Amino acid sequence: MKVAVIGALGQLGVDVCNEFEKDKVEAVRLDIDNVDITKIDTLNKTLKEIKPEIIINTAAYHDVEQCEKNPCIAYEVNAIGAKNLALVSNDLNCGLIHISTDYVFNGNKDIPYLETDTAFPLNVYGNTKLAGERFISAFAKKFLILRTSGLFGKSPCRGKGGLNFVELMLKLAKERDEVRVVDHEILTPTSTLQLARQIVNLKEPDFYGIAHATPEGYCSWYQFTKEIFRIKGIKTTLNIAKPGEFPEKVARPYYSVLENNILNQYSHNIMNHWSDGLKEYLK
């Protein structure tokens, strides 16, 4: 089997390639330097030369604040890019695994979101990712859209200045006597390694459509930071940020926990608890 990984130099893409190779699957690494998903002609030419059985799209324009400032770029990458991949996957008669986000929901629910719940994004990023989902659902014949949440991984997060949330908290703990973190956003932090293993598990799926793919459990950013400090034995004072202490520049869902309902139905869910992924990362 051969897979083509779009966004292969990114935080998730690196782990996806490595995990496929551990599984004895050839992973062709593609990134912005050698393929542009917004240009269908060059995309089609590149992928026809590779002839993959599966295309995996981890690429996205995902800096939430930059998406608000550059909505056209966000739409080109997150929506038109997804549409182009759907059309090319049909031409090649291959599968498409596309990574989406919990930000397609508005956060008004207080129990985990199911795949069948109505999407209602609050910001440009969420809206463009939802548009990408809709294009793939409309055009692709063999596809999996995997929604995930709060990614952190060993490879630098190039779209967000290089530091993921875990590394930022470790950095602040060294620089400050006190770290203050918001406690009102509830989500499931997801290790890119956990998600990459889940993607490999789906290389020969017995279903198509939308599925949620996050670890078990959930927490706030404050609770997540508390666990980071506990595991690392950090003594820096950690407190909950006061209301309004960090003004939000972009509307975000306050609750975006996802239920892996479809993966469970088809016995494909291999995700463990989010804290297990964090412990493995911090080793």
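Is Arg147 buried or exposed in this structure? Arg147 is buried, with a relative accessible area of 3%; here buried means under 20% relative accessible area, exposed means over 50%, and partly exposed lies in between, for a 1.4 Å probe and protein chains only. The model is a predicted one, in which local features need pLDDT of at least 70 and side-chain atom pairs count only at pLDDT 80 or more, while totals for chains, interfaces and linings use all residues. Residues are numbered from 1 along each chain as its sequence is written, and side-chain values use heavy atoms, with hydrogens and water left out.

Arg147 forms a salt bridge with Glu133, and the closest N and O atoms are 2.8 Å apart. The term salt bridge denotes a side-chain nitrogen of Lys or Arg within 4 Å of a carboxyl oxygen of Asp or Glu. Glu133 is likewise buried, with a relative accessible area of 3%. Arg147 belongs to strand E5 (residues 143–148) and Glu133 to helix H5, so the pair ties together parts that are 14 residues apart in sequence. Helices (H or I, at least four residues) and strands (E, at least two) are DSSP runs, numbered from the N terminus.

An open sheet of 6 strands has the order E2-E1-E3-E4-E5-E10, with parallel pairing; two strands pair if DSSP finds at least two bridges between them. E2 and E10 are the edge strands, each pairing on one side only. On average, neighbouring strands of this sheet are turned by 20° against each other, direction ignored, where axes are lines fitted to C-alpha atoms, for helices over the stretch in contact, and angles run from 0 to 180 degrees between N-to-C directions. Strand E1 (residues 2–6) runs parallel to E2 and is joined to E2 by 5 bridges. Val5 stands opposite Arg29 in E2.

A further parallel pairing joins E7 and strand E12 (residues 237–240) over 4 bridges. In a regular strand the side chains alternate between the two faces of the sheet. Strand E7 (residues 178–181) has Val179 and Val181 on a covered face and Glu178 and Arg180 on an uncovered one. The bridge partner of Val179 in E12 is Leu238.

The aromatic residues come next. The structure holds 11 aromatic pairs, a pair being two rings of Phe, Tyr or Trp (its six-membered ring) with centres within 6.5 Å; planes under 30 degrees apart count as stacked, over 60 as edge-to-face and the rest as tilted. The rings of Phe135 and Phe139 have centres 6.3 Å apart and planes at 25°, so this pair is stacked. Both residues lie in helix H5 (residues 124–139), 4 residues apart, about one turn of the helix. Phe135 counts as buried at 19% relative accessibility, whereas Phe139 is partly exposed, with a relative accessible area of 36%.

Phe165 and Trp221 form a tilted aromatic pair, 4.4 Å centre to centre with 35° between the planes. Phe165 lies in helix H6 (residues 165–175) and Trp221 in helix H8 (residues 221–232), so the pair ties together parts that are 56 residues apart in sequence. Trp221 is buried, with a relative accessible area of 16%. Phe165 and Trp221 belong to one aromatic cluster with Phe152, Phe224, Trp274 and Tyr281. The charged end of Lys154 sits over the ring of Tyr281, 4.4 Å from its centre; this description requires NZ of Lys or CZ of Arg within 6 Å of the ring centre and within 35 degrees of the ring normal.

Salt bridges also occur elsewhere, and a search of the whole structure finds 14 salt bridges. Asp23 forms one with Lys203, the closest N and O atoms being 2.9 Å apart. Asp23 lies in the loop between helix H1 (11–22) and strand E2 (26–30) and Lys203 in the loop between helix H7 (192–201) and strand E10 (209–212), so the pair ties together parts that are 180 residues apart in sequence. Asp23 counts as partly exposed at 33% relative accessibility, and Lys203 counts as partly exposed at 23%. Glu19, Lys22, Arg197 and Glu280 are linked in a network of salt bridges.

The cysteines complete the account. The count comes to 0 disulfides, a disulfide being a pair of cysteine sulfur atoms within 2.5 Å. For Cys94, the nearest cysteine sulfur is that of Cys17, 15 Å away. Cys94 counts as buried at 3% relative accessibility, and Cys219 counts as buried at 1%.
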